[in-house]
Amino acid sequence: MLPPRLSLAELSRHRKGWRRLLGADTPKPPRPRTRLREMRDFQPNPGALRMFHYVPAELPAGAPLVVVLHGCGQNAPLYDHGTGWSVLAARHRFALLCPEQQPANNARLCFNWFRPEDVAREGGELESILAMIDWMQRRHRLDPARMHVTGLSAGGAMAAALLSVAPERFAAGAVIAGLPFGAARSGGEALHAMFHARRRRAADWAGLARAAAGRDGPWPRIAIWQGDADETVVPGNALELEKQWTALHGLEGTAPELDTADGHPRRRWRDAGGRVVVESLRIAGLEHGTPIAAPRGAEGGHGGMRLGSASAHVLDVGVSSTWRIAQSWGLIRPSRPGTVRPQPPKSPAVARKPRRARARTAPALGLGWQLAMASVASLGRMLRRRR
């Protein structure tokens, strides 16, 4: 059920998006040519996910792994094609794992981050992803201390769940337009959290992660990426993620370092050893999606950072989140000094995006079909009560 504090004005504000969601057919996303290969034989797979991976030829033992989780309305090859992760893996020699949702689990191809059974350590989608990681680690002799995960939207929320439920498995993660672990336990709660950002005390957010992990650290490093024009997963969710992860690292209430990356505001928290453990970037003008710097696209970034191709919810704004994230994980040596250069864009980032990349044209892709169906009945009851 939708939380009662939703006002009629707030419901009206989002009714067009809900109407588009409930009235549209589910499009089948394209599957571009890809380096990724499917592996069908991993076990266990209680979440019934598909497994795609890429390993550069003659990759030496002890290489790192990056797990990449697509957003709603996408698939593994499409998201990789857009973000350029496999290009970077080939160039800098690391393994890549790309789980994929199936329509039987979620008609909108969203990872089910809001279902408690799918974000538990055993019995759902999260366990399937951990099984894929185990298979990659054994088969390719990867370094268990160099496992990383990132994702967009529903994939970002699932990445946050992996970092929270199984922190011992990851060195670091990056959440793009995602939500904190524990933000929702049902479809209605998920809608409310996405549109309004569920607020808790930092200690309470951290307590949810500690209870799920069954431990109190050590915790992975995390980067939080958010567009300030996102109306599908509102920017307040990034602030709640900051609260959750600064508390987990024992930095609750600590003032962050403030600077810019690619001309956009960045906040960083360091541990007692001086290591950046929480990083939060706010991209001006970015709607709902993963920011990239495509070849021959929007201004910004040097040649090595230019990767991918704009599509729905993969937005060319001249900022390569793929490159920045990999660089922060130590997977890339900067090609030249000064990897962070304040360069305020000549105009808001959204102004240079290709028309096809506008997130506002398809906010429903940030939602799960089952998620919306779970809430529409409650919405109707609430509207009738207010008449």
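Predicted model: local features only at pLDDT ≥ 70, side-chain atom pairs only at ≥ 80, totals over all residues.
1. Strand S4 spans residues 95–100 and is mostly covered, with six of its six residues buried. In a regular strand, side chains alternate between the two faces of the sheet. In S4, Ala 95, Leu 97 and Pro 99 point one way. Leu 96, Cys 98 and Glu 100 point the other way, and all of these residues, Glu 100 included, are buried.

2. One partner of S4 is strand S2, residues 50–54; the two pair in the antiparallel sense over five bridges. Within this pairing, Leu 96 of S4 stands opposite Tyr 54.

3. Strand S3, residues 65–69, also pairs with S4, here in parallel, and three bridges join them. Leu 96 is again involved, as the bridge partner of Val 66.

4. Two packed helices are described by the distance between their axes and the angle between those axes. For helix H4 (residues 125–140) and helix H5 (residues 154–165), the axes come within 11 Å and cross at roughly 75°. An angle of 65 to 115 degrees counts as roughly perpendicular, so H4 and H5 are roughly perpendicular to each other.

5. On the H4 side, the contact is made by Glu 125, Leu 126, Ile 129 and Leu 130. H5 contributes Met 158, Ala 161, Leu 162 and Val 165. By class, the contact of H4 with H5 has seven nonpolar residues, one charged residue and no polar ones.

Key: Residues numbered from 1 in each chain as written. Heavy atoms only, no water. Axes fitted to C-alpha atoms, helices over the stretch in contact; angles between N-to-C directions. Helix = DSSP H or I, 4+ residues; strand = E, 2+ residues; numbered from the N terminus. Parallel < 35°, antiparallel > 145°, perpendicular 65-115°, else oblique. Contact = heavy atoms within 4.5 Å. Nonpolar A, V, L, I, M, F, W, Y, C, P; charged D, E, K, R; others polar. Buried < 20%, exposed > 50% of the residue type's maximum accessible area, 1.4 Å probe, protein only. Pairing = 2+ DSSP bridges.
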